[in-house]
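Please consult the sequence and the model alongside the text.

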Amino acid sequence: MNSQARGGGPGTIGASSAKAGEETDTITERAHASQLRRRLGRADLRAVPEARRELRRLLRHWGRPGRSEIAELLATELVTNALVHTDEDAVLTAVVLPHGLRVEVRDFVARRPRVCAPDTREDTHGRGMVLVQSLADAWGVRPHGVGKSVWFELGAEAA
C-alpha cells in the first residue's frame, strides 16, 4: 500500500472495499458505523453529483463544522478521477465511525493516480490529487487483483 499521511498517519478507521456486483446505493448502520456503497457507471459523470448528495446525507451529523464539506470535495475528486481516467465502472465506499471517516473509490484499472502540479493554463484539470494530498489526514492507493482503490481518511475532530 502506498500511503501518504499527515498528522500521525493512517488510523484504523476500517472501511472495506466494495466488490463489483455487490448491492449498490445502500446506506446501512453497523455497530456504530454508517456506510455508503454506490456503484458508479462507466463514464457516467451524472454519478458525481448524485454520489456527492448521498455522501452529504450520510455525513449530515458527522464531525466538526467544515469536515463534511472537505469530505464531499475529496470524494468528488476521487469519483471524478475514476470516471474520467478509466473506461470502467467504479465503486464508492464511505464508512463513518465515531472518530473518523474513510472514503475509497475502487476502479478496475491498475494505473495509479499521479500527484502533479496543476497546469496553470488549465483552470479545471490536474488539481484533484493535490487537494486529496493537502486536505486528507491520510490517503493512499491500494492495488487489487484487477484495479486499485484510492482512499482517504479524515478525523471527525480535526480543525
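## Packing of helix 1 against helix 2

Helix 1 and helix 2 are roughly antiparallel to each other, a term applied to angles over 145 degrees, with under 35 counting as roughly parallel, 65 to 115 as roughly perpendicular and the rest as oblique. In this predicted model, the axes of helix 1 (residues 47–58) and helix 2 (residues 67–85) cross at roughly 150° and come within 9 Å. Axes are lines fitted to C-alpha atoms, for helices over the stretch in contact, and angles run from 0 to 180 degrees between N-to-C directions.

Helix 1 contributes Ala 47, Val 48, Arg 52, Leu 55 and Arg 56 to the contact, and helix 2 contributes Ala 71, Glu 72, Leu 73, Ala 75, Thr 76, Val 79, Thr 80 and Leu 83 (contact means heavy atoms within 4.5 Å). By class, the residues of this contact are eight nonpolar, two polar and three charged. Ala, Val, Leu, Ile, Met, Phe, Trp, Tyr, Cys and Pro count as nonpolar, Asp, Glu, Lys and Arg as charged, and the others, Gly among them, as polar.

## Packing of helix 2 against helix 3

Helix 2 also packs with helix 3 (residues 128–135): their axes come within 9 Å and cross at roughly 145°. This crossing is left-handed. From helix 2 the contact involves Ile 70, Leu 73, Leu 74, Glu 77, Leu 78 and Asn 81, and from helix 3 Gly 128, Met 129, Leu 131, Val 132 and Leu 135. These residues divide into eight nonpolar, two polar and one charged.

Met 129 belongs to helix 3 and counts as buried, with 4% relative accessibility (buried means under 20% relative accessible area, exposed over 50%, partly exposed in between, with a 1.4 Å probe and protein chains only). Its C-alpha atom lies 8.6 Å from that of Leu 74, a residue 55 positions away along the chain.

## Two further residues

Val 103 lies in strand 5 (residues 100–107) and is buried, at 0% relative accessibility. Beyond its neighbours within four places in sequence, Val 103 contacts Ala 75, Leu 92, Thr 93, Ala 94, Val 150, Trp 151 and Phe 152.

Arg 111, in the loop between strand 5 and helix 3, is exposed at 51% relative accessibility. Residues up to four places away aside, Arg 111 touches His 85, Thr 86 and Lys 148.

## Overall fold and confidence

The chain has three helices and seven strands, ordered β-β-β-α-α-β-β-α-β-β along the sequence. Helices (H or I, at least four residues) and strands (E, at least two) are DSSP runs, numbered from the N terminus. Of its 159 residues, 43% count as buried.

The average pLDDT of the chain is 77, and 70% of the residues score at least 70; pLDDT is the predictor's confidence in each residue, from 0 to 100. Mean confidence is highest in strand 7 (residues 148–155), at 96, and lowest in strand 2 (residues 26–30), at 38. Over residues 1–32 pLDDT stays under 50. Where pLDDT is low, the predicted coordinates should not be read in detail.

## Basis of the values

Residues are numbered from 1 along each chain as its sequence is written, and side-chain values use heavy atoms, leaving out hydrogens and water. Local features need pLDDT of at least 70 and side-chain atom pairs count only at pLDDT 80 or more, while totals for chains, interfaces and linings use all residues.

Key
Left-handed = near helix turned anticlockwise from the far one by under 90°.
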